[in-house]
Amino acid sequence: MENTVGAAPEIMLRMSGIHKRFGELEVLKGIDFSVVKGDVLAVIGPSGSGKSTMLRCINRLEEIDAGTIEIKGRVLAKNNSEGTAEYVSEAESREILACTGMVFQQFNLFPHMTVMQNLLEAPVQVKKRSAEEVRPEAEELLRKVGLFDKRDSYPGRLSGGQQQRVAIARALAMKPDIMLFDEPTSALDPELTGEVLKTMRELAAEHMTMVVVTHEMAFAREAANHVMFMADGVIVEQGIPAEFFAHPAQERTIAFLNNML
Ligand code: ADP
Ligand code: MG
């Protein structure tokens, strides 16, 4: 978005010329976009269009074949003279990616740990902070997602919606600057999606920078400030939600949106 007064907004993520293949299958065919601080980008599109792969390329769960990835102004990967992407060292990559957090469709909580232990794990093991220091922050996050009273429960005793809210709190415990969500409500019974979306809306309202792959069109329309429609490995169309949903320009976007209603 244009900012005509004051300083230019900080670019949190820039993806340019991103190509990714799995064997013969080219899954990302030249993806370009950037996200500035406080943006909530909703990524929509049919199954198999490359949304998850794109998201996983941001934090190096998948590696790109070509293109540039910059996070908060630091290069994670860029093309060499042959046009092939080269990554920075593992150590530098970890440092750069420390500001990202991810929430998956399948929660992925540690089943043998309590809710509180799930939140403490990464700050203590990865950041080498003391549990005593992290615990009050973790308690605060659990209050924020409405699950303070479940702090000593094991994930298996929680509903899917509660587990996903714990997963969000767990990601936040690492104090990320960018949160990545891959269809966070798709594994939930319909009656449980609302509580997770509410938590995400609250994060958005606090200006957390978010990239959200979702099938929830209401969330994309109301909570996001930018929508991107992907199909077959390309960005077909993107824009601000009000414009995008009211006046989709491309045939494929119109067909997809008609299907979602
Ligand atoms: P979406 O999230 O939009 O449904 P994905 O990024 O999961 O799409 O998948 C895009 C394409 O890449 C699909 O054809 C999928 O089968 C394929 N794909 C995804 N991950 C892998 C993988 N690890 N190995 C091989 N093919 C994959
Ligand atoms: Mg996916």
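**Helix packing around α5**

Helix α5, residues 160–172, packs against helix α6, residues 190–205, at an angle of about 20 degrees, and their axes are 8 Å apart. Keep in mind that this is a predicted model.

Why that pair of values? Two packed helices are described by the angle between their axes and the distance between the axes.

What does the angle tell us here? Angles under 35 degrees count as roughly parallel. So α5 and α6 are roughly parallel to each other. Their crossing is right-handed.

Now the residues. From α5 we have Gly160, Gly161, Gln162, Gln164, Arg165, Ile168 and Leu172. They meet Leu192, Glu195, Val196, Thr199, Met200 and Leu203 in α6. By class, that contact has six nonpolar, five polar and two charged residues.

Next, the other partner of interest. Helix α3 covers residues 115–125. It packs with α5 at an angle of about 30 degrees, with the axes 8 Å apart. That angle therefore makes α3 roughly parallel to α5. The crossing of α3 and α5 is right-handed.

Which residues make this contact? On α3, look at Val115, Asn118 and Leu119. On α5, look at Val166, Ala169 and Arg170. Four of the residues in the contact of α3 with α5 are nonpolar, one is polar and one is charged.

Let me move on to the backbone. Find lysine 175 in the loop between α5 and β8, the strand at 178–182. Lysine 175 is not a glycine, yet it has a positive phi of about 50 degrees. Is lysine 175 buried, exposed or partly exposed? Its relative accessibility is 48%, so it counts as partly exposed.

Then there is aspartate 232. Its place is the loop between β10, residues 226–231, and β11, residues 234–239. Aspartate 232 has a positive phi of about 50 degrees, and it is not a glycine either.

Last, the annotation. UniProt, in an unreviewed entry, lists residues 13–257 as "domain: ABC transporter". In the model, that span is 36% helix and 28% strand.

To recap the helices. α5 is roughly parallel to α6, and α3 is roughly parallel to α5. The α5 and α6 crossing is right-handed, and the crossing of α3 and α5 is right-handed.

Terms used
Residues are numbered from 1 along each chain as its sequence is written. Chains are lettered from A and ligands numbered from 1 in the order in which they are written. This is a predicted model: local features need pLDDT of at least 70, side-chain atom pairs count only at pLDDT 80 or more; totals for chains, interfaces and linings use all residues. Side-chain values use heavy atoms; hydrogens and water are left out. Axes are lines fitted to C-alpha atoms, for helices over the stretch in contact, and angles run from 0 to 180 degrees between N-to-C directions. Helices (H or I, at least four residues) and strands (E, at least two) are DSSP runs, numbered from the N terminus. Angles under 35 degrees count as roughly parallel, over 145 as roughly antiparallel, 65 to 115 as roughly perpendicular and the rest as oblique. A crossing is left-handed if the near helix is turned anticlockwise from the far one by less than a right angle, and right-handed if clockwise. Contact means heavy atoms within 4.5 Å. Ala, Val, Leu, Ile, Met, Phe, Trp, Tyr, Cys and Pro count as nonpolar, Asp, Glu, Lys and Arg as charged, and the others, Gly among them, as polar. UniProt positions are given in the numbering used here, feature names are shortened, and annotations may be inferred rather than shown by experiment. Buried means under 20% relative accessible area, exposed over 50%, partly exposed in between (1.4 Å probe, protein chains only).
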